[in-house]
Amino acid sequence: MCIRDSYGRDIIVDDEFYKAQNYSFAKIKIGRSLVAIAVLASANNEKYLWVSQDGARIYTNNGRITETLGLQYNVRVIEGIKDIKKSLFVDYNSAEIYKRSALLELSNPHAIISQEFNLTEKGIDNEYFNSMLYEESFNSGKLAFSGTNYYWVDPKGRVIKTEQNIHPILPKIIIEFYYK
C-alpha cells in the first residue's frame, strides 16, 4: 500500500489537501511504519472499497474492515459481521452491550478463527469533532488474539475514524475517512 505513503511520517490532511482530492479518500496508518492515502473506488449502501495506488484494497462496512487484499497479512470475514447496520451506531441504546460473533479467514499463515465482539457506547468525544465514540472488545479464544477496537461516528451517522486490530501479526490499523 503506497499511494502518497510516508514511511513513519504522518500525512497532514488540511483544507488544501482535502480540496485537491476529487473523490472521497481515507488516510490509513498501519502501525508506526506506514501511512498512506487510499481512494474510494466503490460504494454500495455502507459497503466501501478503498484502493491504494499499488492496488492494495481495504473493504469496509460502516467503518469496520471486512476484507483486505494486498497487505502482508490479509483478513476476510467469512460470516457474521459483513453487514453492520448504520442504525447500530445511530440508534444505539447505550444501556446495552451489543454482542456478535464472526468467522474470519487469515492469511500468512492461513487460518480460520472465530471471534466474539462486544460493542459499547463510550459517549461524545469532544476532542474529535464532537463525534460519538464506540468501543468494541474482541476475543478469539484459544488463539489468544484479543483487544479493543474504536469507532468515531459523526452526527450524520458516518464512521469518520476507526482503530482496529484485524490480524494477530499485523499492527493496529487507524483509518480516518474523508467524504466528498
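Tutor: Contact here means heavy atoms within 4.5 Å. This is a predicted model, in which local features need pLDDT of at least 70 and side-chain atom pairs count only at pLDDT 80 or more, while totals for chains, interfaces and linings use all residues. Residues are numbered from 1 along each chain as its sequence is written, and side-chain values use heavy atoms, with hydrogens and water left out.

Student: What is the mean pLDDT of the protein chain?

Tutor: pLDDT is the predictor's confidence in each residue, from 0 to 100. In the protein chain, 86% of the residues reach 70 or more. The mean pLDDT of the chain is 87.

Student: Is S24 buried or exposed?

Tutor: S24 lies in the loop between α1 (15-20) and β1 (25-30), where helices (H or I, at least four residues) and strands (E, at least two) are DSSP runs numbered from the N terminus. Buried means under 20% relative accessible area, exposed over 50% and partly exposed in between, with a 1.4 Å probe and protein chains only. Because its relative accessible area is 10%, S24 is buried.

Student: Which residues does S24 touch, not counting residues up to four places away in sequence?

Tutor: V39 is 15 residues from S24 in sequence, yet the two are 6.2 Å apart in space, C-alpha to C-alpha. The backbone nitrogen of K180 lies 2.8 Å from a polar atom of the side chain of S24. With residues up to four places away left out, S24 touches V39, L40, W50, Y178, Y179 and K180.

Conventions:
Polar contact = N/O pair within 3.5 Å; in protein donor to acceptor, adjacent residues only side chain to side chain.
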